[in-house]
Every structure is written in structure tokens, then in C-alpha cells.
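Dear colleague,

I am passing on to you the structure below, together with some notes on what was found in it. Please read them with the model open beside you.

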Amino acid sequence: MNITGIITEYNPFHNGHMHHLQECKKNTKCDGVICIMSGNFMQRGGPAIIDKWKRAQMAIENGVDLVIELPTYYAVSSAEFFAYGSVSILNSLEIVNNLFFGSECGDIKSLTKIAQTLVEEPWEFKEILKRNINSGLTFAKARELALIEFTNDNYIENIISSSNNILGIEYIKAILKLNSPIVPFTLKREGSSYNDKLLSTSFSSATSIREALKNKNDITFIKDAMPEKSFNILRELKNSNYPFTFEESMFQYIKYLITTNCINFNNISEIKEGIDKKISKEIENSTSLDDLILNIKSKRYTYTKIARILTQIYIGFYKEDYSKMNLEKYHYVRVLAFNKKGREILSLIKKKSSIPLITKLPKNTENPLLKLDIAATKAYSILNSKLKANSDYLISPIIK
């Protein structure tokens with residue numbers, strides 16, 4: 001069976017995602033699609049607009065065969081760890097032939113060339129990088145200029161300044177590091193960019209859809225931006241008074257944790273270089289989460305990175321719990337949804353792979369990754385009154 005993996009957030013599932021899924025099936029000529037999807041919190045920081053089971057339902061309704069959850073540890077980490085965790089789990093299934101992802105450039109050769117340079121780190125490249133860092137540049141800028149100089153290719157600057165290209169490079173790096181047989185494919189991204197807040201006449205971004213849900217009471221405004229099955233799920237949720245969940249809802253809880261000294265900043269995964277002092281100072285001067293992030297933002301700390309740090313604080317994601325662990329031995333396949341084809345894929349995973357399959361959570365677990373997933377659902381339930389704190393134990397995988 002020819003199986004393709006995709007790595008997603010579906011926050012929520014829109015027309016661009018449908019286009020990506022259709023092109024995935026066409027370009028890889030696959031027999032089935034496995035989606036590894038972030039749970040209740042996102043890589044760029046903040047909660048998902050609807051919970052992971054509803055988003056998994058959208059995926060299955062629109063043609064994905066099997067949805068598994070990306071552990072929260074990876075889901076709220078940097079692009080490098082997000083990508084490595086996703087690819088590592090897909091690789092451990094022992095049945096995934098292809099990885100299909102979107103990128104702004106749509107050029108798999110260029111992305112692979114960059115990834116190979118970053119993984120192999122030739123001596124000349126390392127010397128250029130060291131020189132750039134010593135000149136006072138941020139690591140990201142130093143690496144960008146080192147890549148341009150080493151490859152003698154100015155086109156690289158356009159590639160590594162775009163978020164989906166960056167993720168694509170990290171996916172390929174993970175494949176190379178794992179010596180995985182998975183073959184990467186990429187699709188040129190069309191329509192709105194990720195950060196566009198206005199609905200588009202072509203492919204609207206997930207950001208623009210969330211903005212519309214936040215600001216407009218009538219959700220028919222987004223009907224043309226989503227597949228019918230996705231829209232119907234959102235409409236049913238709206239009619240049942242389901243609370244769509246937004247980043248701002250975390251602010252008061254984060255403010256409480258910081259102002260009452262409940263947080264040891266040294267234990268937060270991405271806290272470095274005194275940013276903790278800046279956060280502690282600006283929390284007193286800020287009236288919203290967006291205000292706080294903008295007050296902290298700098299060249300070294302982007303909006304996204306700060307949003308992710310604050311999300312880690314809210315969830316209780318402490319690096320001391322994981323820094324000395326071989327995390328790959330704790331990997332698992334947490335099944336969120338599947339269809340008939342997905343059932344066949346699960347049977348194949350059982351035959352081919354030794355990775356644990358979880359369809360029902362054990363009452364007690366010592367697995368640190370799974371414990372963080374459970375904590376993340378509890379944290380999400382504080383923001384979303386329709387979800388119970390122990391939902392991980394109550395909600396079974398969705399079967400279509």
C-alpha cells in the first residue's frame with residue numbers, strides 16, 4: 001500500500017487544505033493518507049479555535065483516512081522540533097512512503113539543497129556561519145547569509161524568509177537525519193499568506209477565517225472559504241453555543257501565573273537571554289495578550305516565538321522534564337479519527353511497526369509526552385467550557 005503522510009493543524013480545515021489534500025493524492029498516487037495533527041495548542045502559539053476531536057472530524061469528513069495527534073511537546077515547539085517530531089513519528093510507523101507539504105516556493109530541489117547543507121554542515125559553511133555570528137548578527141540572519149554565500153545563490157534569501165518554506169526545509173532535514181526512506185513532495189502554496197486577516201476570493205487563510213469567527217456573529221460570512229462539510233460542523237457548533245477559542249482567552253491566566261511568581265522562567269523551553277525580565281516587566285504594562293507580545297517583541301524575539309513561550313507558560317511546558325530524556329522511546333500513535341481505509345492502515349501499522357497504538361488512554365501513565373497531552377487538554381478546557389478536563393479519557397476516536 002502506497003501511504004502518504006501530511007503534517008497539519010487544520011485550525012480550521014478550509015479550501016486551501018482541501019486543495020492540498022487533493023493534490024497530495026494526485027501527485028503521490030497514494031492509496032491512503034495519514035495526517036499527523038497538532039492537538040489543542042498550535043505551533044505559532046495559542047489554542048486551537050475548536051478542539052482536536054472536532055478538527056479531526058473535519059479532516060476525516062473531507063478525505064483524510066487516519067488522523068493521529070502530534071504530541072504537545074512537538075506541537076508547541078520551534079519549527080525544527082515540530083518538524084522532527086512529526087517526521088520521526090511518521091517514520092516509525094514503517095509504512096509511510098511519502099511526505100507531502102505546502103511551500104511558498106514549490107521547489108523540492110531547492111529546499112532539499114538547503115536542508116542537505118544544514119544537516120551536513122560543510123567546513124566552509126560553518127566558518128562563514130561562525131564569522132557572521134561573531135559580527136553580532138542573530139543566528140537566523142547569520143545562517144541565512146552563510147547559506148547565500150556558501151551556495152552562491154541569492155534566490156535562497158527569498159526561500160528561507162517564508163514560513164512554509166522554513167517548515168519544508170525542517171521536514172527534509174528530519175528525513176535526512178533519520179535516514180528515512182520517506183520521499184518528500186511539495187506543492188506551491190496559493191492564495192492568502194498565513195497571516196492575512198482578510199477573507200480572500202481564492203484560498204482564504206486560516207487566520208482570516210478565525211478573525212471572521214471572532215468578529216462576526218453570522219458565520220455564513222465564511223461559508224465560501226471552507227468545504228461544505230467543514231462549514232456544517234462549524235455551524236452545528238455555533239448553534240449549540242460551542243465557544244470558539246482564541247488566544248486572548250489565555251491572557252488573564254498567564255498574567256496570574258507570572259505576577260504571583262508561579263513560574264520558574266528557567267524551566268520554560270525557549271526562555272533565553274534575559275527575556276524573562278522583559279516579560280515580567282511588560283505583563284504589568286499590558287492590557288491584552290497581543291499588547292503584551294508587541295511590548296516584548298524584538299529582532300531576536302519574533303511575535304510568533306513570544307506567543308509560543310507564553311503558550312508554554314500557560315500549559316506548564318517545562319524543559320527540565322524532557323531535556324535529559326530520549327524522547328523517541330516515548331513516541332506513540334494517538335488515534336483521533338479514521339475511516340474504513342484508515343482501519344486498514346491501522347492494521348498495517350500493527351503488523352509492521354512496534355510503536356504503541358493508543359485508541360483508549362490508560363488510567364495511569366508515566367509517559368512524559370502523554371502526560372503533557374493530558375495537561376494540555378485540561379488547560380484547554382479552562383478556555384473552552386464545552387470540553388471537560390478529562391476529555392482525553394472520555395472521547396473515543398471518531399469513526400467514519
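I begin with serine 381, a residue of helix α17, which spans residues 368–383. Please keep in mind throughout that the model is predicted. Serine 381 has a relative accessibility of 14% and is therefore classed as buried, since buried means under 20% relative accessible area. A polar atom of the serine 381 side chain lies 2.6 Å from the backbone oxygen of lysine 378. If the neighbours within four places in sequence are left aside, the residues in contact with serine 381 are Leu387, Lys388 and Ala389.

The other part of these notes concerns strand β1, residues 3–8, which is mostly covered, with six of its six residues buried. Ile3, Gly5 and Ile7 point one way from the strand, while Thr4, Ile6 and Thr8 point the other way, and the residues of both sets are all buried.

As for its partners, β1 runs parallel to strand β2 (residues 32–38), to which six bridges join it, and within this pairing isoleucine 7 stands opposite isoleucine 36 of β2. Together with helix α1, made up of residues 15–28, these two strands form a β-α-β unit that is right-handed. β1 also pairs with strand β4 (residues 96–103), again in the parallel sense, over three bridges; here isoleucine 3 has valine 96 of β4 as its bridge partner.

With best regards

Conventions
Residues numbered from 1 in each chain as written. Predicted model: local features only at pLDDT ≥ 70, side-chain atom pairs only at ≥ 80, totals over all residues. Heavy atoms only, no water. Buried < 20%, exposed > 50% of the residue type's maximum accessible area, 1.4 Å probe, protein only. Helix = DSSP H or I, 4+ residues; strand = E, 2+ residues; numbered from the N terminus. Pairing = 2+ DSSP bridges. Right-handed = clockwise from strand over helix to strand, strands pointing away. Polar contact = N/O pair within 3.5 Å; in protein donor to acceptor, adjacent residues only side chain to side chain. Contact = heavy atoms within 4.5 Å.
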